[in-house]
Amino acid sequence: MNQLPRLLVVLGLLVFGSPAFSATHILTVTGKVSDIFARQDGEVASVPDGQIAVGDRYELKAVMDFSTAELSDLFDADPTVNVYSLSNTKVFASIGGYTTEFTPRFNFNSSLQLWDDRVVVDTTDAQSFRFFNFDFVPIDTNSFEVGTGQISESLGFSAFDFTAMARDNDLISQLAPLSAFGAQTLSYGLLNADTELFVGLNATVESSVLTAVPEPASWLMLILGFGIMGVFLRRSRVCIDKRAINARLPS
């Protein structure tokens, strides 16, 4: 009896069944700016001039290392939510004519908040990413002309499922695909702490993908697995060819 199919199944389970945990994830989000607003001293203010307008397209790309994630004890008593601090994150964003980078340093913060059956208005599942640059120096000029002072900016991407079916836990090791969340939004904010002027925007989401990057060990297993299966297939072809030749030879 030909054992090749059985061997291939066993080999597949051994090589592909237990890949190394992918710590690195890449979040990519695109869409359009839908609303821009401003507040100063808690009151509605005029939106200052800037490089961003309603209708402008944006792209957000965040590279996150989940191996550095630290679980916050802020919601220890609440089984429906976990908040993870992500110290090793790099964020690149372009909105209209403005580009910015968030990179790890003393005034940078990145976090992931996970909801599982959390009751706000309705029972909701969520995966929300938050990125902050405190007292930063812009690459070129600020997104909006908020004057000089202690400037900070923030970016947030949230995905909600109001049927509470997207997640069945609040663990970072078991993230759900973003396609499972029907309501998604992106927000951006720029704050001058000295003048208390805040400019913010909301944006629609046209596409969003959270991709796990295979670790080197996983790539090695994949290459090894394909190599071994190639050897088996080659040997099987040789055996089949020999049987065909023998069958044609006169007895």
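Biologist: Why is aspartate 117 called partly exposed, and not buried or exposed?

Modeller: The relative accessibility of aspartate 117 is 37%. Buried means under 20% relative accessible area, exposed over 50%, and partly exposed in between (1.4 Å probe, protein chains only), so aspartate 117 at 37% is partly exposed. This is a predicted model in which local features need pLDDT of at least 70 and side-chain atom pairs count only at pLDDT 80 or more, whereas totals for chains, interfaces and linings use all residues. Residues are numbered from 1 along each chain as its sequence is written, and side-chain values use heavy atoms, with hydrogens and water left out.

Biologist: What makes the phi of aspartate 117 worth a remark?

Modeller: Aspartate 117 has a positive phi of about 60 degrees although it is not a glycine. Most residues other than glycine have a negative phi. Aspartate 117 lies in strand β8. Aspartate 41 also has a positive phi, of about 55 degrees, and is not a glycine either. Aspartate 41 is placed in the loop between β1 (24-40) and β2 (43-44).

Biologist: Why is aspartate 41 called exposed?

Modeller: Its relative accessibility is 51%, and exposed is the term for values over 50%, so aspartate 41 counts as exposed.

Biologist: How do you know how many helices and strands the protein has?

Modeller: They are DSSP runs, numbered from the N terminus: helices are H or I with at least four residues, strands are E with at least two. The protein comes to two helices and 12 strands. From the N terminus on, the order is α-β-β-β-β-β-β-β-β-β-β-β-β-α.

Biologist: What makes the link between glutamate 206 and arginine 57 a salt bridge?

Modeller: The closest N and O atoms of glutamate 206 and arginine 57 are 2.7 Å apart. A salt bridge needs a side-chain nitrogen of Lys or Arg within 4 Å of a carboxyl oxygen of Asp or Glu, so this pair qualifies. The pair links distant parts of the chain, with glutamate 206 in strand β12 (residues 197-213) and arginine 57 in strand β3 (residues 57-65), 149 residues apart. Glutamate 206 is partly exposed at 47%, and arginine 57 is partly exposed at 44%.

Biologist: How many salt bridges does that rule give?

Modeller: The count is two. Arginine 118 forms a salt bridge with aspartate 78, their closest N and O atoms being 2.5 Å apart. This pair, too, links distant parts of the chain: arginine 118 is in strand β8 (residues 108-119), aspartate 78 in the loop between β4 (70-71) and β5 (81-85), 40 residues apart. Aspartate 78, at 22%, is partly exposed.

Biologist: Why is serine 208 called buried?

Modeller: The relative accessible area of serine 208 is 17%, which falls under the 20% limit, so serine 208 is buried. Serine 208 lies in strand β12.

Biologist: What makes the approach of serine 208 to glutamine 184 a polar contact?

Modeller: The two side chains make the contact at 2.5 Å. The rule asks for a pair of N or O atoms within 3.5 Å; within protein, one must be able to donate a hydrogen and the other to accept it, and residues adjacent in sequence count only if both atoms are side-chain atoms. Leaving aside neighbours within four places in sequence, serine 208 is in contact (heavy atoms within 4.5 Å) with Thr28, Val29, Phe157, Leu178 and Gln184.

Biologist: What makes strand β10 mostly covered?

Modeller: In β10 (residues 151-161), 11 of its 11 residues are buried. Ile151, Glu153, Leu155, Phe157, Ala159 and Asp161 point one way, and Ser152, Ser154, Gly156, Ser158 and Phe160 the other way.

Biologist: How do you know which strands pair with β10?

Modeller: Two strands pair if DSSP finds at least two bridges between them. Strand β9 (residues 123-133) pairs with β10 in the antiparallel sense over nine bridges, and asparagine 133 stands opposite glutamate 153. Strand β11 (residues 183-192) pairs with β10 in the antiparallel sense over 10 bridges, with glycine 189 as the bridge partner of serine 154.

Biologist: Which residues touch the most other members of the largest nonpolar core?

Modeller: Of its 43 residues, these are Leu27, Leu60, Phe131 and Leu155. A nonpolar core is a set of buried Ala, Val, Leu, Ile, Met, Phe, Trp, Tyr and Cys residues joined through side-chain atoms within 4.5 Å. A second, separate core of five residues includes Val81, Trp115, Ala126 and Phe160.
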